[in-house]
Amino acid sequence: MQKKNILLAVSGGIAAYKAAELTRLLKKQGYAVRVVMTESATRFVTPLTFQALTGHPVHHQLLDVDEENAMGHINLARWAEHLLIAPATANIIAKMSHGLADDLLTTLYLAAECPVSIAPAMNQAMWGKSVTQQNIRSLMECGVQILGPEAGDQACGESGMGRMLEPEKICNILSSSENAALKGKRILISAGPTREAIDPVRFISNRSSGKMGYALAEAAVKLGATVTLVSGPVNLMPLTGVGLVNVESAEQMYNAIAPNAHEYDIYIGAAAVADYRPAEVVQQKIKKQLMQSNIPLTQNKDIIAAVAELPNRPFVVGFAAETDDLEQYARHKMRNKKLDMIAANWVGREQGGFDSDVNALKVFWQGGDETLAMMDKPLLAERLLELIAKRMHEKNTA
Ligand code: C5P
């Protein structure tokens with residue numbers, strides 16, 4: 001497959017030297033690469049380096065007649081199918097987030113209509129400054145993909161967050177999002193436990209940490225999907241690029257999912273939804289002496305079964321946590337709830353499952369199954385999503 005035209009824009013930080021290696025790797029992967037630089041970047045690495053690596057003239061001035069003759073900035077912006085700014089300094093990030101266009105790089109950013117990624121690189125204090133973080137957030141809201149930075153030793157002798165991602169990592173992220181298995185797909189995911197109130201201070205809940213659902217949401221974005229995550233109460237950070245809807249009870253989760261699920265291509269029910277709630281929520285805190293040993297319960301609606309009943313239902317994937325007879329219970333659940341697929345895992349074993357960072361899954365569908373061995377939840381999430389994409393494709397083309 002013909003790879004894209006990448007316009008690599010280099011701004012003036014010490015990490016500019018890594019952009020030479022990045023150019024070489026992008027070329028090696030088959031991308032057509034052109035390079036532009038800011039004036040200060042040319043003080044770190046010469047344009048000649050990039051010219052030699054790409055075989056094309058390197059532009060660094062906006063108002064230079066010769067450069068505009070070779071390929072004007074608007075043509076350069078049109079040529080680009082992806083604009084990658086690496087390294088992106090605090091100054092360039094600030095200018096981009098405010099729409100300034102007083103040099104070639106920032107003008108190209110405004111003129112480009114293609115996807116834009118930036119690889120920030122700066123001193124850890126500059127990265128941590130709230131104004132830089134605000135600028136990053138506003139670029140994200142404009143759809144700019146932020147690659148890194150990562151933590152480690154810095155050129156200034158300090159150590160912390162702000163190092164540019166290694167060229168190899170940047171390259172891998174770009175090419176994997178291009179071959180993305182879920183490109184253009186809309187995915188709705190539920191995660192975490194629900195809390196069913198007994199009174200204003202007490203509730204019934206379960207051990208779900210939400211880690212699997214969050215890992216699925218993060219991996220789905222990586223695989224090119226647009227993701228909405230409906231999350232019960234968890235101790236996890238919101239994810240970059242994922243629409244988050246916070247809920248508490250099973251009823252709230254139902255209301256956030258059931259009326260909207262038809263707008264999605266895939267629904268994954270990774271939440272551990274409480275099956276029952278107290279029949280009545282007492283409005284005042286129940287005194288210890290009056291607490292009953294039997295709290296009357298009423299059954300919650302089954303969210304995933306309701307999604308599977310929709311006339312134009314998405315591809316529906318459920319989870320099953322079992323302590324015994326894994327396959328039998330999982331397949332039964334899949335049939336009962338009319339799921340397309342079910343991912344089952346053992347609970348109460350030595351490793352994996354609830355509240356753990358690792359997990360193993362056995363995935364079932366009508367007429368098949370696949371085992372995903374014990375691994376980190378982020379990697380497991382990616383494997384499961386690849387399997388979902390494959391099965392969905394087979395179902396749609398059957
Ligand atoms: O029946 P069980 O709760 O074991 O089924 C688990 C699957 O069903 C999970 O995918 C879970 O998210 C979903 N579920 C649901 N609504 C409920 C109970 C479970 O969507 N009320």
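This report describes a predicted model of a protein chain with a ligand.

## Basis of the model

Residues are numbered from 1 along each chain as its sequence is written. Because the model is predicted, local features need pLDDT of at least 70 and side-chain atom pairs count only at pLDDT 80 or more, while totals for chains, interfaces and linings use all residues; side-chain values use heavy atoms, with hydrogens and water left out.

## The chain as a whole

The protein chain has 15 helices and 19 strands. Both are DSSP runs, numbered from the N terminus: helices are H or I with at least four residues, strands are E with at least two. Along the principal axes, the C-alpha atoms fill a box of roughly 80 × 55 × 40 Å.

The chain holds 398 residues, and 49% of them count as buried. Buried means under 20% relative accessible area, exposed means over 50%, and partly exposed lies in between (1.4 Å probe, protein chains only).

## The ligand site

The space taken by the ligand is the second largest pocket. A pocket is an open set of points on a 1 Å grid over the protein atoms alone, with protein on both sides within 12 Å along at least five of seven lines. A molecule sits in a pocket if more than half of its atoms lie within 2 Å of the grid points.

The residues around the ligand (a heavy atom within 4 Å) include Gly269, Asp275, Lys301, Ile303, Ile304 and Phe319. The shell divides into five nonpolar, two polar and five charged residues. In this grouping Ala, Val, Leu, Ile, Met, Phe, Trp, Tyr, Cys and Pro are nonpolar, Asp, Glu, Lys and Arg are charged, and the others, Gly among them, are polar.

## Contacts of the ligand

A nitrogen atom of the ligand lies 2.9 Å from a backbone N or O atom of Ile303. Taken alone, the ligand exposes 450 Å², and the protein buries 86% of that. These areas come from the Shrake-Rupley method with a 1.4 Å probe.

## Two strand residues

Asn5 is in strand β1 (residues 5-10). Asn5 counts as buried because its relative accessibility is 17%. A polar atom of the Asn5 side chain lies 3.1 Å from the backbone oxygen of Trp79.

Arg186 is in strand β8 (residues 186-191). Its relative accessibility is 39%, so Arg186 counts as partly exposed. Arg186 and Tyr264 are 78 residues apart in sequence, yet 5.0 Å apart in space, C-alpha to C-alpha.

Note on methods
Polar contact = N/O pair within 3.5 Å; in protein donor to acceptor, adjacent residues only side chain to side chain. 1 Å grid on protein atoms, 1.4 Å probe; cavity = no way out; pocket = protein on both sides within 12 Å on 5 of 7 lines; lining within 4 Å.
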